[in-house]
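Subject: Structure for you to look at

Hello,

Here is the structure I said I would pass on. My notes on the charged residues and the metal site follow it.

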Amino acid sequence: MISISELKTLLATPQKIVITTHHKPDGDAMGSSLGLYAFLIQKGHHVSVITPTDYPDFLHWMPNNSDVIIYTEAEEKSVELVNQADLIFCCDFNTLSRINELGEHIRQAPGLKLMIDHHLEPEDFDDYRHWNINACAAAQLVYDFIVNELNEGELINKDVASCLYTGIMTDSGSFRFPSATSAVYRIAADLIDLGAEHWRIHQLVYDNASENRLRFLGHCLTNKLEILRDFNVAIITVSAEELKNYDIATGDTEGIVNYALSINGIKLAAFIIERTDKVKLSLRSTGDFPANEICKKYFAGGGHRNAAGGASDKNLADTIAEFKSILPEYKTQLLQ
Ligand code: 5GP
Ligand code: MN
């Protein structure tokens, strides 16, 4: 591990820097990465943001989005940048398996690895860690890193502020999760003062749906929602064929699971979707119910207590059956 003063010394002269984030980046993944990017480029570093996969259109408005390199679309260039990097920032993830093939390239790269993350159980691959599971977003930790670790809050310009605000807004469920503490509201207020247009960012992220997405949502709620009252569980399942019929793109399914959780009395909601290579599960829970425990134990995944994910190599029907068969084990907690 290196100390913050060693890191400060390194950052005092121009470095080759790669910033990367998790597979299928969300608002916090892109917000923390592009926020850090907009900060670092002001200091004269040569910086690249590399994402393992593509990400939803509703994040493409973000400052410096056109500079982002998508690994699956530019493998050779990505590997070259990773291998040449002096510093590799890993934002919003803490195990290299979360970034697919890119993970092994980063593990073997000679550069120093710097983790900025808020997930449980970090893997030991890093040389510097700014990690706090109580943070509502990795973007909150990027803010804290710039302001309190580097003492360079004066470099938070409108671009940095807009990106960090996006990460905090999306990962805190628009400031409604318990993780949105008064300290988070104060950071948000600071970011608004520094140029983040909160109303515009909200509109760009949440009021930017395609017609397909809305019709698909209607289909999910009318035809695909199953409520298991005996367990306080709601499930929405979607086949690959349905995704094709509605021409569903990356990001169009995001947030649908929350509708299932919004039903009175529901403690655990699952969105189970048949992707091309595997079946993916998104779980959301309320209160103390550990959605991440189910994902970790049964679906090779993890996440936060109230928002977690995993995957299965079984087919859709078998995955749904497996998920239902697990529920009796958690019945007491689900009915509390
Ligand atoms: P989502 O349901 O939006 O895909 O994921 C919710 C949260 O669960 C993510 O922020 C992430 O922390 C976690 N998560 C989702 N999929 C996986 C996975 O496959 N492995 C792990 N470890 N965490 C996941
Ligand atoms: Mn996050």
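Arg200 is partly exposed, because its relative accessibility is 32%, in this predicted model. Its salt-bridge partner is Glu197, with the closest N and O atoms 3.0 Å apart. Glu197 counts as partly exposed too, because its relative accessible area is 26%.

The whole structure holds 14 salt bridges. Another of them pairs Glu329 with Lys297, at 2.6 Å from N to O. This pair links distant parts of the chain: Glu329 lies in the loop between α13 (316-326) and α14 (331-335), and Lys297 in helix α12 (residues 291-298), 32 residues apart. Glu329 is partly exposed, at 42% relative accessibility. Glu104, Arg107 and Glu123 are joined into one network by salt bridges that share partners. Arg129 and Asp126 also form a salt bridge, 2.7 Å from N to O. Here Arg129 is partly exposed at 28% relative accessibility, whereas Asp126 is buried at 6%.

The manganese ion (ligand 2) is coordinated at 2.1 to 2.4 Å by Asp28 (OD), Asp92 (OD), His118 (NE2) and Asp171 (OD). Along the chain these donors follow the spacing D-x63-D-x25-H-x52-D. Asp92, in the loop between β4 (87-91) and α4 (101-108), and Asp171, in helix α6 (residues 158-171), are 79 residues apart. Both Asp92 and Asp171 are buried.

On the surface, Glu75, Glu76, Glu80 and Glu101 form a patch of negative charge. Helix α3 (residues 75-84) contributes the most to this patch, with three residues. Glu76 sits in helix α3 and is exposed, at 71% relative accessibility.

Regards

Notes. Residues numbered from 1 in each chain as written. Chains lettered and ligands numbered in written order. Predicted model: local features only at pLDDT ≥ 70, side-chain atom pairs only at ≥ 80, totals over all residues. Heavy atoms only, no water. Patch = residues over 30% accessible without salt bridge, like charges linked within 9 Å, V, L, I, M, F, W, Y side chains within 5 Å. Areas by Shrake-Rupley, 256 points an atom, 1.4 Å probe, with all protein chains shown as cover. Salt bridge = Lys/Arg side-chain N within 4 Å of Asp/Glu carboxyl O. Lys, Arg positive; Asp, Glu negative; His and termini not counted. Charge placed at Lys NZ, Arg CZ, Asp CG, Glu CD. Helix = DSSP H or I, 4+ residues; strand = E, 2+ residues; numbered from the N terminus. Buried < 20%, exposed > 50% of the residue type's maximum accessible area, 1.4 Å probe, protein only. Donors = N, O, S within 2.8 Å, 3.2 Å for Na, K, Ca; no water.
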